[in-house]
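Thanks, everyone. Let me put the model on the screen, and then I'll walk you through it.

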Amino acid sequence: MAVRFHLPSKVYSHRNAFAGVERGNIVAWRETVAEGLAGRPLEVGALIDRRSILRSTIGLFAIAIALALGILATVLWWVVRKGRKAQAPAAG
């Protein structure tokens, strides 16, 4: 039997994972047929980070979108301001 988990955060340590930790958050455990037929339980366990990879990714995208909208608003404000100055009647 084999079990593979894509855990939601970075894995710091594991209990008898077959191939160790893959790509920082994937852990797999494997049991031979002989061990399974003998009734030996498959022991799984991992110590993971409290921060979620999904939450970090969503936060990063939210910050990037907010910065892009801020830059767009600043450029738009600057263009409108320049246009108004160009249209203002010359004093004299």
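Start with Asp49. Is Asp49 buried or exposed? Asp49 counts as buried, because its relative accessibility is 17%. For these labels, buried means under 20% relative accessible area, exposed means over 50%, and partly exposed is in between, with a 1.4 Å probe and protein chains only.

A word on the source. This is a predicted model, where local features need pLDDT of at least 70 and side-chain atom pairs count only at pLDDT 80 or more, while totals for chains, interfaces and linings use all residues. Residues are numbered from 1 along each chain as its sequence is written, and side-chain values use heavy atoms, with hydrogens and water left out.

Back to Asp49. It is in the loop between strand 5 (46-48) and helix 2. Helices (H or I, at least four residues) and strands (E, at least two) are DSSP runs, numbered from the N terminus.

Which residue forms a salt bridge with Asp49? Arg51 does, and the closest N and O atoms are 3.5 Å apart. A salt bridge here is a side-chain nitrogen of Lys or Arg within 4 Å of a carboxyl oxygen of Asp or Glu. Side chains of opposite charge can pair when their charged atoms come close. Searching the whole structure turns up one salt bridge. Arg51 counts as exposed, because its relative accessibility is 59%. The two side chains also make a polar contact, at 3.5 Å. That term covers a pair of N or O atoms within 3.5 Å; within protein, one must be able to donate a hydrogen and the other to accept it, and residues adjacent in sequence count only if both atoms are side-chain atoms.

Who else touches Asp49? Setting aside residues up to four places away in sequence, Asp49 touches Ser9, Lys10 and Tyr12. Contact means heavy atoms within 4.5 Å.

Take Ser9 next. Ser9 is in the loop between strand 1 and strand 2. With a relative accessible area of 2%, Ser9 is buried. A polar atom of the Ser9 side chain lies 2.8 Å from the backbone oxygen of Asp49. Not counting residues up to four places away in sequence, Ser9 touches several residues, including Gly24, Asn25, Ser52 and Ile53.

Ser52 takes us to helix 2. At the start of helix 2, a side-chain oxygen of Ser52 comes to within 3.2 Å of the backbone nitrogen of Leu54. Helix 2 covers residues 53-87, which is 35 residues. At 1.5 Å a residue, helix 2 should span 51 Å, and its end C-alpha atoms are 51 Å apart, so the two agree. The expected span is 1.5 Å times one less than the number of residues. Gly70 also lies in helix 2. At a relative accessible area of 32%, Gly70 is partly exposed. From Gly70 to Leu54 is 16 residues in sequence and 24 Å in space, C-alpha to C-alpha.

Two strands pair if DSSP finds at least two bridges between them. Strand 1 and strand 4 pair over five bridges, and Phe5 stands opposite Val27. Strand 3 and strand 4 (residues 26-30) are joined by two bridges, with Glu22 opposite Ile26. Those two strands form a hairpin with three residues between them, and Arg23 in the turn has a positive phi of about 50°. Four of the five residues of strand 4 are buried, so strand 4 is largely enclosed by the rest of the structure.

Gly20 is buried, at a relative accessible area of 16%. Beyond its neighbours within four places in sequence, Gly20 is in contact with His14, Ile26, Val27 and Ala28.

Last, the core. Which residues make up the largest nonpolar core? There are five: Leu7, Val11, Ala17, Val27 and Trp29. A nonpolar core is a set of buried Ala, Val, Leu, Ile, Met, Phe, Trp, Tyr and Cys residues joined through side-chain atoms within 4.5 Å. Apart from residues up to four places away in sequence, Trp29 touches Phe5, Ala17, Phe18 and Leu42, among others.
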